[in-house]
Amino acid sequence: METLFLSASSPETAAVAAELIQKGELVAIPTETVYGLGANGLDEKAVAKIFLAKGRPQDNPLILHLSEAAEMDRYCQNVPREAYLLAEKFWPGPLTMVLPARDIVPAATRAGLPTVGVRCPDSDITRQIIRFAGVPLAAPSANISGKPSTTTAQHVLHDHSGRIAAVVDGGSCRVGVESTIVDLTGPQPRLLRPGGITLEQLQNVLGEIVVDKAVVASVDQDAVVKAPGMKYRHYAPDCQVIIVDGDLPAAAAYIRAQYQPGNRVLCFEEELEAFAPFAPLAYGREEDPDSLMAGLFAALRELDDPSIGTVFARCPLGSGKALAVQNRLGKAAGFRHVNPRQKNTVIGITGGTGCGKTTLLQCIRQQGGVVLDCDEIYHRLLQEDEALLASIEGRFPGVVEQGQLQRKKLGNIVFSDEKALRDLNKITHKAVKAEVVRLLPDTPSLVAIDAIGLFEGGLAELCQVTVAVTAPKEDRVQRLMARDGIGEEYARKRIDAQRSNEAFSALCDHTLENRGDICAFRAKCLAFLNEFGIM
Ligand code: TXA
Ligand code: MG
């Protein structure tokens, strides 16, 4: 189908759009928050088209848009006094109230819930369309599910051209992020989504308000959340977004150290100059949260490009309208924050083979951390560090031939002579530690030192915190056999030659036990990093 482009200022638009709505078609509408993908909210078939066009999960209910507050009682029952107060104060405007639904609202609109979200948008043309159509409009944000919301008619066409009946162009959305949602159906009012009406404004009317956990942190996919939409990955461009906290000098130092060609920086206008070498894109002014809300989605859409790799984003602090920006940007980043620090944060990681240290190291790398793998460093030094080879040759004459360490020869000496092994370790530990110190980043970073000999090598002294990764022995045997293609007996021998899980745990500040479920273990690693303020 061809998507009609209707201008809000054209006199026929309201009538044309209303007729399409009555026929059960989809019409994208402007509001003060974001563009909505509207349909007759009382018509199950029309509503089904919305879910199809957006690729929206069926368990995510829609908001009903009203032309005036008086319509609230038609679709909601047992409406509390507070709802009328809020409507009086904030409607038309960027506030959605969740209230007990009447049966007239089909299950498809409210995704089977006994409640319904209602709001009266601050857009003359859209309220006129609702009045002309004579039905409330069910309208989610008009983006494809999971993508940044649409704040211009062009965004809508980008996502839905040819697949919806019409788009009404009302220019750029004034607020720029979706409405504040407050749930009035529980024992206490609950903020489900922050937006242009702030928590503080609501508190002035309602008193105490519970802030839902989904506002400020990731929510498990399986979790039962009050606003089902809050659990999905959202607003996310097709590249990784990392929020870089901290003051400008610390953030700039961090980004300079991490930046790869093609990466982008999403920042405040005030910071454009400081980030000039890193392809910055400003989304508004830090001192003006309204401008940040208004510019965020257009900026995220501009950055929606898998070739970018990573976007380092700056996020405003504080409450009020900043909360809405923190929530949307947080969701785009999977709530991944880094805190550039004044000095390196060094974590020592140890444990036997096959325990799953790699999973923890991956989590650290994902936080922008640097991993120093001491086994790799050791083998590299044996290849290229002439001073080290000279020391070894000095203690064990004849084991270096033409600059090459004869490993077998050395092995034969040290494995039958404990004193010789101690001497060799002393030499190699010193060299590895010196190399680790040399490799510590100059700009304050998160660093992991990965070493089976973390303590005997003197490396633990470089760490603020040490972690033992352990796993049940039988799991380790299976993992080693699969990973290294070795037989069971040999796998057991290798494990038995190392320190036990308990011994590693006793040495370290913390233990992370891997019980075999990789997802659970990953979550455990992330929780640990979080708890220690490492990410
Ligand atoms: O500003 C807005 O609210 C925009 C414009 C178009 O009005 N609409 C919008 O709709 O943001 P949508 O569908 O993208 O987000 C609606 C959110 C979802 O997170 C959904 O789970 C939640 O509201 N929601 C809707 N009905 C609900 C209900 N009965 N109980 C709890 N949450 C509800
Ligand atoms: Mg949405």
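Arg 119 is buried, with a relative accessible area of 2%; buried here means under 20%, exposed over 50%, and partly exposed in between, using a 1.4 Å probe and protein chains only. Before going on, the conventions: this is a predicted model, where local features need pLDDT of at least 70 and side-chain atom pairs count only at pLDDT 80 or more, while totals for chains, interfaces and linings use all residues. Residues are numbered from 1 along each chain as its sequence is written, chains are lettered from A and ligands numbered from 1 in the order in which they are written, and side-chain values use heavy atoms, leaving out hydrogens and water.

Back to Arg 119. It sits in strand β6, residues 115–119. Helices (H or I, at least four residues) and strands (E, at least two) are DSSP runs numbered from the N terminus. The Arg 119 side chain makes polar contacts with the side chains of Thr 31, at 3.1 Å, and Thr 33, at 3.1 Å. A polar contact is a pair of N or O atoms within 3.5 Å; within protein, one must be able to donate a hydrogen and the other to accept it, and residues adjacent in sequence count only if both atoms are side-chain atoms.

Next, the cores. Which residues touch the most other members of the largest nonpolar core? They are Met 72, Met 97 and Leu 202, out of 47 residues. Such a core is a set of buried Ala, Val, Leu, Ile, Met, Phe, Trp, Tyr and Cys residues joined through side-chain atoms within 4.5 Å. Elements that each supply at least two residues include β3, β5, β6 and α8, and α2 gives the most, with 5 residues. Leaving aside neighbours within four places in sequence, Met 97 is in contact (heavy atoms within 4.5 Å) with residues including Met 72, Trp 91, Val 116 and Leu 184.

Now some backbone details. The peptide bond from Trp 91 to Pro 92 is cis, with omega near -10 degrees, and Pro 92 lies in the loop between α4 and β5.

Ala 279, at about 45 degrees, is in the loop between β13 and β14 and is partly exposed at 30% relative accessibility. Gln 402, at about 50 degrees, is in the loop between β19 and β20 and counts as exposed at 82%.

Last, Ser 10 is in the loop between β1 and α1, partly exposed at 25%. Its C-alpha atom is separated by 77 Å from that of Asp 385, 375 residues away along the chain.
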